[in-house]
Structures are given as C-alpha cells and as structure tokens.
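Trainee: I'd like to learn how to read salt bridges in a model. Can we go through some together?

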Amino acid sequence: GYNGFVLVQYDVINVTLSRVTNLYLGFLADFDLSRDGDKLVFDHVEKLMYQKASGQPLVGIVALENVRNWVMADNGESKRGFTDTEKLGLVRSSSVPAGGELGGDGFMVISSGSVDLDVRDTLRMAFALVVGDDVSELYENARAAREAYLMPTGVFTDGGGVLPGSFELAQNYPNPFNPTTTIAFEMKREGAVRLDVYNMLGQRV
C-alpha cells in the first residue's frame, strides 16, 4: 500500500434509458483536528486544499481528475447537517476566500459538474486524501499521490524475460462469486488499462 495518502475514484454511470442532465458529483470533508479551531488553506497551483491545527498532523485533498469546484466554508455556531438544497448549493459553487485561507470550524467541499450524461456515459472524479506531519511532508505526499494515480499499469515477466505475444484475459475466480472476484490479464506493453464488466443483458456493472 501507500503511506501518506489514499486514492479515491468515483465513477457515476448513467444506466438509465435516457440522458441525465445537469449532474454534479461532490465530496465533503470536515476533519476537526482540534477543539480550538482549525485553519483551511487552498493552493490553487497544486490543486490542494488542507486543514491544519497547532500540534496536529495536516490533512487535505489533492485533485487528480475532473475536480472543478472548491469550497471552504464555516460550520457556524453548531453543526446541524445540510438540507438537500444546501448540499446542491455547495457542489454547484466554487467559494474560496481571498488569500486562500479560512479560520475557525471549517469544512471543505470538492465537486465536478455540471455534466450531461448520455446513456452509458460515465462521470469520473478522482482525488487523494493526504496527510503529513508538516507542510513539506503533506506536499510530498500530494505529489506522490498524483504520480501513483497517473502511473500506467506495469508489465511483469515470468522471470525468463519473455513478454506475452498478445493480450490475454483469464477466467475470473472464484466463480460464482459474492461480492468480489479476481480477473487476471496479460498484455505485451505497459499502458493505462480500463476493465469494464457487463452482465448477461449487456449492461455495464
């Protein structure tokens, strides 16, 4: 596994029989590092938003793919949750204070949209949750997360130095399965790989 970050990828697939319009996908984080109030910081160059508090590790979100909107906001006097209208307002907006910092009991939101999805189209949003004992380590882990996400699938030989001559997809195991299965494949050169699984009706699952 990785130290210092967790990769997160959401794929929203339109499995309806009609076009979906004005779609947003969002993620809210409220880490509450201290009781005395935290500070939120946004670095628009690195596409990194993080939360810090005195004597605590730093925790943040770094954009990897399709993150378009950033929000920093204050919880106010009490945490009461959000109505559906308020949630939609958060993912539809981009609101970062001048200077890219906000003090107090804050939270952060990232989102993607507005997007129209035709039947079987996909909206993907990817980001990493990153931590660091100080700002330098946080940025190192953010860069490592970006590199890990963009890293192509590797090619491994059987020890004899012989690469497969063509693409091969193996039978999944176990079969039948619930809820997970493993599907092995071989390819003769490294590159980005996407594997889609379809059910008996030809629908992507």
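Trainee: Is lysine 87 buried, partly exposed or exposed?

Mentor: Lysine 87 has a relative accessible area of 44% and is partly exposed; buried means under 20%, exposed over 50%, and partly exposed in between, with a 1.4 Å probe and protein chains only. This is a predicted model, where local features need pLDDT of at least 70, side-chain atom pairs count only at pLDDT 80 or more, and totals for chains, interfaces and linings use all residues. Residues are numbered from 1 along each chain as its sequence is written, and side-chain values use heavy atoms, leaving out hydrogens and water.

Trainee: Which residue forms a salt bridge with lysine 87?

Mentor: Side chains of opposite charge can pair when their charged atoms come close. Here the cut-off is a side-chain nitrogen of Lys or Arg within 4 Å of a carboxyl oxygen of Asp or Glu. Aspartate 84 is the partner, with the closest N and O atoms 3.9 Å apart. Both sit in helix 1 (residues 84-92), three residues apart, so about one helical turn separates them. Helices are DSSP runs of H or I, at least four residues, and strands are E runs of at least two, numbered from the N terminus. Aspartate 84 is exposed, at 62%.

Trainee: Which residues do salt bridges with shared partners join into one network?

Mentor: Arg19, Asp116 and Asp118. Arginine 19 meets aspartate 118 at 2.8 Å, N to O. Arginine 19 lies in the loop between strand 1 and strand 2, and aspartate 118 in the loop between strand 8 and strand 9 (122-132), so the pair ties together parts 99 residues apart in sequence. For arginine 19 and aspartate 116, the closest N and O atoms are 3.7 Å apart.
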